[in-house]
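Here are my notes for your first look through this structure. Keep the view open beside you and find each residue as you read.

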Amino acid sequence: MIRRALISVSDKTGLLPLARRLAARGVEILSTGGTQRALLDAGVTVIGVEAYTGSPEVMDGRVKTLHPRVHGGILMRGAIDEEDLARLGGQPIDLVVCNLYPFEATVRKPGVTHDEIIENIDIGGPSMVRSAAKNHARVAVLVDPADYDAVLAEIEASGGLSSATRRRLATKAFAHTAAYDGMVAGYLSSLPEDGEPSAAEREAYPRFLTIALERAYPLRYGENPHQSGAFYRERGAAQGSLALAESLGAGGKELSFNNLVDVDAAFDAVREFAQPAAVVVKHTNPCGVATGDDLASAYRTAREADALSAFGGIVALNREVDRAAAEVLIETFLECVVAPAYTPEALEVLRTKKNLRLLATGALLPADHREITWKRVGGGLVVQDRDATAAGEVRGGKVVTKRAPSEQEIEALELGWRVCKHVKSNAIVLAVPGRTVGVGAGQMSRVESVRIACSKAGERARGSVLASDAYFPFPDGLELAASHGITAVAQPGGSVRDAEVIAAADAAGVAMVFTGVRHFRH
């Protein structure tokens with residue numbers, strides 16, 4: 001039964017409704033500092049922790065709840081501890097509502113000082129949360145405003161909370177404090193080891209890196225049916241990311257491990273374009289990409305870039321899907337469509353395909369969105385910042401051939417270059433303005449990727465341009481492309497044989513731009 005609650009929160013979302021509903025059930029409320037003032041101002045009856053403990057706050061509020069009457073009231077197990085708690089002058093506390101100082105938000109503030117950050121390391125809050133979570137056999141702990149309504153409903157229905165609810169809340173509380181401590185350790189271990197600590201001189205990669213994840217849902221299986229799997233969501237996942245996408249399908253098959261990996265690859269690629277765009281992905285590689293005046297025309301063009309591979313693919317779109325686009329989408333068997341949103345009319349059409357998975361992200365992260373990415377290797381992780389560049393690299397590149405590319409060729413190279421960044425190395429993309437015509441992905445030799453891209457394009461290769469994610473180590477790849485009618489090339493440059501490759505381009509009348517930027521993808 002919940003008879004006494006201690007409420008002390010930094011995030012005051014939902015605070016007043018929570019306190020009012022608890023007070024309406026006769027729950028005695030203890031509180032401190034800003035939370036206490038907010039409740040008193042709203043007319044909620046509150047007992048200050050100072051009055052409960054008989055001790056004033058000291059050191060500018062640094063010491064408020066670190067008191068035996070507080071922690072004794074929380075950790076008291078029942079009859080076995082009644083005498084000890086009475087000797088302390090304390091009373092049982094049945095519910096602790098506490099979220100912590102906004103350490104992460106403080107670290108991200110422009111111009112913040114080291115001292116400000118240190119002052120936002122919460123001590124009393126985590127101590128109360130951990131005490132309540134440890135004693136979840138008797139005490140409930142709330143760290144997330146999203147849980148308030150469900151907990152209040154259970155209290156109002158039965159007067160208390162079940163052991164299962166208390167255990168679930170305790171688990172969440174320990175995850176909350178673990179992530180918090182990880183952020184603090186990450187910040188402190190990113191500071192220079194010598195000299196005065198400075199928040200402005202932190203290392204990008206701290207000595208201690210904690211990645212806080214929460215299981216979103218189990219998967220039917222992993223990459224293959226004999227493997228198990230689950231999808232985990234990052235704490236603080238960005239709006240517009242796959243982790244926060246809403247499933248809107250007709251209730252058919254669940255998303256698989258491979259679906260999620262492919263959806264992420266497709267949506268990452270479609271973010272490259274400002275105009276209406278569609279990306280079709282198969283096994284994480286774009287097989288068709290196009291822009292257009294509207295989504296319907298963009299998708300139709302992207303699909304036709306490689307209609308054979310598009311069958312059973314994943315489609316990403318960068319606008320709200322309307323009925324016209326939906327009618328084109330259902331012409332071919334697809335595994336999943338991901339987009340920022342769908343009109344009701346589009347959903348009506350798409351849901352006629354029972355097993356078509358639909359994901360709405362609600363937003364579109366910018367192409368240059370910065371974040372840390374990682375891959376698991378034996379016994380550890382390799383960590384890097386996201387490859388967020390591509391825009392302007394062709395126009396800003398160096399023309400190295402006698403002939404400069406035309407404006408039309410530049411336009412096609414820009415599209416091919418943006419797509420190439422999302423293709424597994426060795427990557428070759430053939431494009432014309434507004435669409436790809438052939439993609440060669442994941443080959444061990446670059447010339448073989450050229451061969452595949454030209455084969456996919458067929459006659460469409462003639463007059464197209466070529467983007468290569470890395471330099472040509474020999475002239476053979478460029479010579480093969482030129483024999484299929486490619487007219488312009490964008491590549492990073494940097495090979496010891498650059499002069500030979502340039503000479504081959506000049507001999508074939510091919511314009512070539514060195515971007516100076518490599519876009520390997522493994």
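The points below go from the whole chain to single side chains.

1. Start with the overall picture. Please remember throughout that this is a predicted model. The protein chain has 522 residues, and 50% of them count as buried. Its C-alpha trace spans about 95 × 60 × 45 Å along the principal axes. When you colour by secondary structure, look for 19 helices and 21 strands.

2. Next come the charged pairs. Side chains of opposite charge can pair when their charged atoms come close. Applying the salt-bridge rule to the protein gives a count of 26 salt bridges.

3. Begin with Arg4 and Glu28, whose side chains form a salt bridge with an N to O distance of 2.7 Å. Which strands does this pair tie together? Arg4 belongs to strand 1 (residues 4-9) and Glu28 to strand 2 (residues 28-31), so the bridge links parts that are 24 residues apart in sequence. Now compare the surroundings of the two partners. Arg4 is buried, at 12% relative accessibility, whereas Glu28 is partly exposed, with a relative accessible area of 27%.

4. A second salt bridge joins the side chains of Asp149 and Arg21, at 3.5 Å from N to O. Here the partners sit in helices: Asp149 in helix 9 (residues 148-158) and Arg21 in helix 1 (residues 15-24), so this contact ties together parts that are 128 residues apart in sequence. Is Asp149 buried or exposed? Asp149 is exposed, because its relative accessible area is 54% and the cut-off for exposed is over 50%. Arg21, at 29% relative accessibility, counts as partly exposed.

5. Now try the surface. Which residues form a negative surface patch? The answer is Asp293, Asp294, Glu320 and Asp322. To find one of them, follow the chain to the loop between strand 10 (285-291) and helix 12 (295-305), where Asp294 lies. Asp294 is partly exposed, with a relative accessible area of 35%.

6. Finally, check the cysteines. How many disulfides are there? The count comes to zero. Two cysteines show how the reasoning works. The closest cysteine sulfur to that of Cys336 belongs to Cys287 and is 14 Å away, which is too far for a bond, because a disulfide needs the two sulfur atoms within 2.5 Å. Likewise, the sulfur of Cys420 has its closest cysteine sulfur in Cys454, 13 Å away, again too far for a bond. Cys336 is buried, with a relative accessible area of 0%, and Cys420 is buried too, at 1% relative accessibility.

Conventions: Residues are numbered from 1 along each chain as its sequence is written. This is a predicted model: local features need pLDDT of at least 70, side-chain atom pairs count only at pLDDT 80 or more; totals for chains, interfaces and linings use all residues. Side-chain values use heavy atoms; hydrogens and water are left out. Patches are made of residues with over 30% relative accessible area and no salt bridge: like charges are joined within 9 Å, nonpolar side chains (Val, Leu, Ile, Met, Phe, Trp, Tyr) within 5 Å. Accessible areas come from the Shrake-Rupley method with a 1.4 Å probe; for residues, only the protein chains shown count as cover. A salt bridge is a side-chain nitrogen of Lys or Arg within 4 Å of a carboxyl oxygen of Asp or Glu. Lys and Arg count as positive and Asp and Glu as negative; His and the chain ends are not counted. The place of a charge is taken as NZ of Lys, CZ of Arg, CG of Asp or CD of Glu. Helices (H or I, at least four residues) and strands (E, at least two) are DSSP runs, numbered from the N terminus. Buried means under 20% relative accessible area, exposed over 50%, partly exposed in between (1.4 Å probe, protein chains only).
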